Amino acid sequence: MNAVRTLAPLLLLLLSTAPPLLAQHEHAHAGAGKLGRVVFPVSCAAAVGADFERGVAMLHSFWFGEAEKAFQAVAAADPQCAMAHWGIALARRGNPFAGAPAAANLTAGLAAAEQAVRLAAGAPPRERGYVDAVLAFYRGHEQRDHRTRMLAYEEAMRQLREHHPDDREATIFYAQAVIANAPPSDLKFERQQVAAGMLEPLFAQEPQHPGLAHYLIHAYDAPPLAERGLAAAQRYAGIAPAAPHALHMPSHIFTRRGLWDESIASNTAAAKAEGSSPGRVHPLDYLVYAYLQQGRDREAEAVARAAAATTGSSGYAPIMRYNALAMPARLVLERARWAEAARLPLPEAGTPPEFAAIARFARGVGAARSGQAAPARREAAELSALEQALTQRGDAYWATLVGAQRLAVEAWLARAERRDADALRLARQAADREETVEKHPVTPGPLLPARELLGDLLLELGHADDAQAAYEATLRHEPNRARTLYGAARAAERAGDRAAARAHYRALAKLMARADAERPERRAALSFRGR
């Protein structure tokens, strides 16, 4: 891909901002690459100590397949090493921020955890604490839901940290659990800030630790906190460049700050490191999103085509499915190609409701905004059924977001039917509902923010002042977003707020500096500058 070559200098510049590397301590075994520095002494045979720490470094960068191989090699070299099986069990758990593992992983992980407990009978109390904690996650998985087990794991790690306050790894893994278990409805981000308070002092002491950089990014992955995550984001790729997820993860903060060049560099490198693995689909979705914000539509389309050619299974399976479905929807929605959105393929039978909602939302908004009331009504009904299914499943988070999507489709359906008062009421309800929870780490952002859609509706109905307020509120949550800037500029101009219009058009012109010529945002910014 040409983008890989053209962005390589930028990536090198980004990585050059990291502090000097402690090469003598890094886990850089032959064929393994650089993974950062982890110190994790265990009672296993001395000969496997370095390999065990390399496996832990992989765990911290969510390179789960390779971590499991590393721990299996440790177990083969030292059959009595309980902590090798602890590592296998954690690798099978996978990404704690992405939801429940697959059934096969739960079965294999439980077997590994039980083997770790058996072997740890004569191990030091600290190691027994680790294996008991991972068993707490798996125990009774047939009867207990994922969140209950995650909370049990967190509590076990809290006790381990309390009993062994000098064990930095116990603090790091405990902080990871605190962040992963944070309720998405807590918009004060109290748990994230508690965890960051544990991690920041350790990061100052261990600047080459991959987990510290990684989990600080997760802790600060929210608009009010993202500025505080920039240091970790700028350094993580340089700490563990061998791990694909370490190359991608900084883009969570870059996206929150609207730093699209940095996000493009991060995700180009991550996708290249993934090779042909399906795991590449996650950074590719972030890459499509960033390209679209700069109006670089042809590059976004090329990335989406590459993603569509990716097949297979991976530890990122749930994320992969969401991202694979989101990319084609983004390509049409971000460019207001409403008729094309209405014709997007239907989700396959058996698609989980939170993923099926991607196509239903795009089709519904597209149909309503292109004057097709009957199809829009059908999609709103489908979204209502998906919302109900999620509620019955006990998934309040996704039910909230799908409910917001349903309300947004109903708002534009009302507009298509000239029920303008209903349209505004429903659009405000959609925006308010969407903003009761924080976005999921699976996505760089909503397909279209509900408050941005409210701004579109207000502007169309001639309420320029209110539209400007809606767009500017969206920009505070989604900075440097192209459609929102464009809407804010037009609304301010129509409202007679020349200063705000000028500021928004200037920001838009800068954002669109490399945009495709046909992008309306680019043409509008150039036209305003000419005037």
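Predicted model: local features only at pLDDT ≥ 70, side-chain atom pairs only at ≥ 80, totals over all residues.
The buried set in H9 consists of Gln 192, Ala 195, Ala 196, Met 198, Leu 199, Leu 202 and Phe 203. Helix H9 itself covers residues 190-205, 16 residues in total. From its first C-alpha to its last, H9 reaches 24 Å, close to the 22 Å expected at 1.5 Å a residue. The helix also carries a kink of about 25° at Gly 197, shortly before the proline Pro 201.

Attention now turns to the aromatic side chains. A pair of aromatic rings is described by the distance of the centres and the angle of the planes. Searching the whole structure gives 17 aromatic pairs. One of these joins Phe 40 and Trp 86, whose ring centres are 5.6 Å apart with 50° between the planes, a tilted arrangement. This pair links distant parts of the chain, 46 residues apart: Phe 40 belongs to the loop between helix H1 (2-15) and helix H2 (49-60), while Trp 86 belongs to helix H4 (residues 82-93). Phe 40 is buried, since its relative accessible area of 1% falls under the 20% limit. Trp 86 likewise has a relative accessible area of 1% and is buried.

Tyr 130 is buried, with a relative accessible area of 0%. Phe 40, Trp 86 and Tyr 130 are among the members of one aromatic cluster, which also includes Phe 52, Phe 71 and Phe 173.

Charged groups placed over rings complete the picture. Arg 93 lies over the face of Phe 137, at 6.0 Å from the ring centre. Elsewhere in the chain, the ring of Tyr 486 has the charged end of Arg 490 sitting over it, 4.4 Å from the ring's centre.

Terms used
Residues numbered from 1 in each chain as written. Heavy atoms only, no water. Phe/Tyr/Trp six-rings, centres within 6.5 Å; stacked < 30°, edge-to-face > 60°. Helix = DSSP H or I, 4+ residues; strand = E, 2+ residues; numbered from the N terminus. Buried < 20%, exposed > 50% of the residue type's maximum accessible area, 1.4 Å probe, protein only. Lys NZ or Arg CZ within 6 Å of the ring centre and 35° of its normal. Expected span 1.5 Å × (residues − 1). Bend = angle between axes of the 7 residues up to and from the residue.
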